[in-house]
Amino acid sequence: MSIDWAALGQVFGVTLAVTVGIVGLFTVGIVGTSPKPRPEGAAAAVAAPGAGARAGAVAAFALCAAAVAYGIYLIVAA
């Protein structure tokens, strides 16, 4: 039995990059939906996220869902 170490290294590298990318996208989505603190003297203590931040968060969550769906497709199709 022989182990192809180059192929194993490639799988490790791609897995690490995709994992960091998906976690980063999910983090962007969480930050985009979180309320932002307002400066002192404002009417309320926190402000709702703006339309641009919410749209970016929805896009980030959609990309995460697409990555998960693609992974499930790869597993089931085989």
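**How the two helices pack**

Author: Helix H1 and helix H2 (residues 51-77) pack at an angle of about 150°, and their axes lie 8 Å apart. The axes here are lines fitted to C-alpha atoms, for helices over the stretch in contact, and the angles run from 0 to 180 degrees between N-to-C directions. That angle makes H1 roughly antiparallel to H2, given that angles under 35 degrees count as roughly parallel, over 145 as roughly antiparallel, 65 to 115 as roughly perpendicular and the rest as oblique. The crossing of H1 past H2 is left-handed, a word used if the near helix is turned anticlockwise from the far one by less than a right angle, with right-handed used if clockwise.

This is a predicted model, in which local features need pLDDT of at least 70 and side-chain atom pairs count only at pLDDT 80 or more, while totals for chains, interfaces and linings use all residues. Residues are numbered from 1 along each chain as its sequence is written, and side-chain values use heavy atoms, with hydrogens and water left out.

The protein has two helices and two strands, and from the N terminus on its elements run α-β-β-α. Helices (H or I, at least four residues) and strands (E, at least two) are DSSP runs, numbered from the N terminus.

In helix H2 lies alanine 67, which is 49 residues from valine 18 in sequence and 9.2 Å from valine 18 in space, C-alpha to C-alpha. Alanine 55, also placed in helix H2, is 23 residues from glycine 32 in sequence, with 8.3 Å between them in space, C-alpha to C-alpha.

As for cover, buried means under 20% relative accessible area, exposed over 50%, and partly exposed in between (1.4 Å probe, protein chains only). Leucine 25 is partly exposed, with a relative accessible area of 27%, alanine 67 counts as partly exposed at 30%, and alanine 55 is partly exposed at 48%. Tryptophan 5, found in helix H1 (residues 5-33), is exposed, because its relative accessible area is 60%. Across the protein, buried residues make up 9% of the 78 residues.
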